[in-house]
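Let's take a friendly walk through a protein chain. Have a look at the fold first, then read on.

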Amino acid sequence: RKEAIEYAFEIARENDIEVIFADLSTISDFPLSGSIGNFDWKIKIYIDSKSWVKRQYFTLAHELGHFFLHNHLLGNNSVIEDKKDERYLFRPSLYSDVAHEMRSIEEEANEFAWILLMPESIVRELVKVIGISIPILASYFNVSTAAMKYRLYKLGIIDNYGE
């Protein structure tokens, strides 16, 4: 099987998206894991080079989600930035409608990333073969244990995501 991350880079190339690894702490007042922008009609994805590799992979898949799902938000010279700490995505809405809409957009991009990096059919097949071993599954998909656990939860394989 082709590594999902290789497929993500291939998707970026096929859609003429430039992927740039850079220290994003130099361009923002808050910690960024990544961003996607349209600069002079060229789509660019920036990934924080200081993040750990598994986070970089997820960020690339997440930003591709923005490209395919939220392209209408990417007018010329516009950017969607993603903070490193996205734990708020799993909390009940306590924010304004604008914040609620942004959380929805981020959740959609996360869902795209989970599907790309951890396809349901493969997750279910592996669970049949090896059981629910989150560290082994996470290692197979090259994602964090937190991402793997959340994917299992979203697929109804485990009952509680917890924190």
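This report goes from the whole chain to a few of its details.

## The big picture

Keep in mind that what you're looking at is a predicted model. The chain contains six helices and four strands.

The chain has 163 residues, and 40% of them count as buried. Its accessible surface is about 9000 Å², with 53% of that belonging to carbon and sulfur atoms. Now take the contacts between residues at least 6 apart in sequence: 66% of these join residues at least 24 apart.

## Strands side by side

Let's zoom in on strand β3, which covers residues 42-48. Strand β1 (residues 18-22) pairs with β3 in the parallel sense, over five bridges. Strand β2 (residues 32-39) also pairs with β3, but here the sense is antiparallel and there are six bridges.

## A tucked-in glutamine

Is glutamine 56 buried or exposed? Its relative accessibility is 11%, and buried means under 20%, so glutamine 56 counts as buried. You'll find glutamine 56 in helix α2, which spans residues 53-69.

So who is around it? Setting aside neighbours within four places in sequence, glutamine 56 is in contact with Phe21, Ile47, Asp48, Ser49, Lys50 and Ser51. A polar atom of the glutamine 56 side chain lies 3.1 Å from the backbone oxygen of serine 51.

## A helix with two sides

Next up is helix α5, residues 134-141. Its buried residues are Ile134, Leu137, Ala138 and Phe141. They cover an arc of only 100° around the axis, which means they sit on the same side of α5. Here's the general idea: an α-helix has 3.6 residues a turn, so residues three or four places apart point the same way.

What does the face turned away from the buried side of α5 carry? There you'll spot the exposed residues Pro135 and Ser139. Just after α5 comes asparagine 142, which takes a positive phi of about 60°.

Definitions and conventions: Residues numbered from 1 in each chain as written. Predicted model: local features only at pLDDT ≥ 70, side-chain atom pairs only at ≥ 80, totals over all residues. Heavy atoms only, no water. Buried < 20%, exposed > 50% of the residue type's maximum accessible area, 1.4 Å probe, protein only. Arc of directions from axis to C-beta. Pairing = 2+ DSSP bridges. Polar contact = N/O pair within 3.5 Å; in protein donor to acceptor, adjacent residues only side chain to side chain. Contact = heavy atoms within 4.5 Å. Areas by Shrake-Rupley, 256 points an atom, 1.4 Å probe, with all protein chains shown as cover.
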